[in-house]
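Welcome to this short briefing.

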Amino acid sequence: MCCSHQLVWVQGPIVVGAGPSGLAAAACLKEKGIDSLVLERSSCLAPLWQLKMYDRLSLHLPRQFCELPLFPFPASYPDYPTKQQFVAYLESYAAKFGINPMYNHTVVCAEFDERLMLWRVRTTQATGMMEDDVEYVSQWLVVATGENSEAVLPVIDGLEEFRGSVIHTSAYKSGSKFAGKTVLVVGCGNSGMEVCLDLCNHNGYPRIVVRDAVHILPREMLGQPTFRLAMWLLKWLPIHIVDRILLLVARAILGDTSQFGLKRPSLGPLELKSLSGKTPILDIGTLAKIKSGDIKVRPAIRRIAGQQVKFVDGRSEQFDAIVLATGYKSNVPCWLKDQGLFSEKDGLPRKAFPNGWKGERGLYSVGFSRRGLMGTAADARRIAHDIHMQWKSSKGRSRPAKPSP
């Protein structure tokens, strides 16, 4: 394959990633009169939502907590917009602020040039028989690839030899292809629970692996969305008291979940989320299916042999398919050559929210706060303000010289 090389000077910031985080950062910058270059490795904006999310997905939190800066959801949207509605909202958001990402541009390396005092971001783009190697140079780099850029694939003894089908939730769209089949869902987060419900609704026979303690809360409490109620209570009460209230109401509504193999952690749901980033499950009907026996809970897997799965409690069952609801991870350490802002271990900022948005020498992060889209919105505003202050102070002074190839 032929290869060409270009060097492109970018006057404004370079934003890596055209998901909600990258769009939010670019919009906040645009609102302050600063254009940015948005690079996206996929062929569309928000590829996680468009290409890797299952069809029945809706936002787990009320829309008021999922709005991006400067642009509310349409009033006609429901409290919990669907995947399709959220994608349409993001497309409208990009159009409103004139954000036109450079698609199919994969960042392979980004590093700070000490000589030029600028960021050099190298990308590749395959176009037919030609591969373009383009290097973009800027004073600022905004990392917006997010916490969910790569699928996490667990190590399970015998998984490679499983004789049925194995897919990650990033490839799962609908339970229709699993009708009449016994499916093992590995992972008990919101996605794993919702995939199980979807399988039930398509006449599948799901089992879900629950290895650790987990908090399950009803999506609504006392006539209000649970998250909205929690945020209101936190204005007046300490987090451990709010957790206690949530668990008391959850117990009254859902009963004792431990009798179904769903033990609760010792820490309350909000405190656990704050300390570890582990999100409580907001139940939308899965628990009722577990109680009725339509979904069966299983402990950790010991090993797999053929289509037989052996669990740590000694039980053994045969499955037609396995769905890995094991989540995603950051890929930042693979391409960002900087060890200051991000941890090499997990690809997340070393400092906890709200202090993880800014690094040294014009490096920023957005969408890594473990606070969902609310955290994204807060980070995007801080980044735009910080760069705007530098932008204003540079007026009247000479801009950095364009680098030579």
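Predicted model: local features only at pLDDT ≥ 70, side-chain atom pairs only at ≥ 80, totals over all residues.

- Between them, domain 1 and domain 2 bury about 1800 Å², with 52% of it on carbon and sulfur atoms.
- On the domain 1 side, Tyr 54, Arg 56 and His 60 lose the most area to domain 2, and together they make up 36% of what that side buries.

**Helix H1 and what covers it**

- Helix H1 takes in residues 20–31, and its end C-alpha atoms are 16 Å apart; this agrees with the 16 Å that twelve residues should span at 1.5 Å a residue.
- How much of H1 is covered? Most of the helix is, since ten of its twelve residues are buried, a label that requires under 20% relative accessible area.
- The buried residues begin with Pro 20, Ser 21, Gly 22 and Leu 23, continue through Ala 24, Ala 25, Ala 26 and Ala 27, and end with Cys 28 and Leu 29.
- The cover over these buried residues includes strands E2 (14–16), E3 (37–39) and E7 (141–143), along with helices H2 (47–51), H3 (83–96) and H9 (372–394).
- Just after H1 you will find Gly 33, which takes a positive phi of about 85°.

**The four-stranded open sheet**

- Four strands form an open sheet in the order E3-E2-E7-E23, and their pairing is parallel.
- Which strands stand at the edges? They are E3 and E23 (363–365); each has a single partner strand, so one side of each is left without a neighbour in the sheet.
- Direction ignored, neighbouring strands of this sheet are turned by 20° against each other on average.
- E2 and E3 run parallel and are joined by three bridges.
- Within that pair, Ile 14 stands opposite Leu 37 in E3.
- Helix H9 lies across E7 and E23, and runs at about 160° to E23.

**His 388 in helix H9**

- His 388 is part of helix H9.
- Is His 388 buried or exposed? Its relative accessibility is 18%, so His 388 counts as buried, the cut-off being under 20%.
- Leaving aside residues up to four places away in sequence, His 388 touches Lys 32 and Ile 34.

- Strand E10 (residues 182–186) pairs with E11 in the parallel sense, over five bridges.
- E10 also pairs with E20 in the parallel sense, here over four bridges.
- Strand E9 (residues 165–168) runs parallel to E20, and four bridges join the two.
- In E20, Leu 324 is the bridge partner of His 168.
- Where do the side chains of strand E20 (residues 321–324) point? Ala 321 and Val 323 point one way, Ile 322 and Leu 324 point the other way, and all are buried.
- E11 is mostly covered too, with four of its five residues buried.

**Backbone details in the loops**

- The peptide bond from Phe 353 to Pro 354 is cis, with omega near 10°.
- Pro 354 has its place in the loop between strand E22 (336–337) and E23.
- Asn 203 is not a glycine, yet has a positive phi of about 65°.
- You can find Asn 203 in the loop between helix H4 (190–201) and strand E11 (205–209).
- With 56% relative accessibility, Asn 203 counts as exposed, because that label applies to values over 50%.
- Arg 370 likewise is a residue other than glycine with a positive phi, near 60°.
- The loop between E23 and H9 holds Arg 370.
- The relative accessible area of Arg 370 is 31%, which makes Arg 370 partly exposed.

Technical notes. Residues numbered from 1 in each chain as written. Heavy atoms only, no water. Expected span 1.5 Å × (residues − 1). Buried < 20%, exposed > 50% of the residue type's maximum accessible area, 1.4 Å probe, protein only. Contact = heavy atoms within 4.5 Å. Pairing = 2+ DSSP bridges. Axes fitted to C-alpha atoms, helices over the stretch in contact; angles between N-to-C directions. Buried area = accessible area lost by both parts, 1.4 Å probe.
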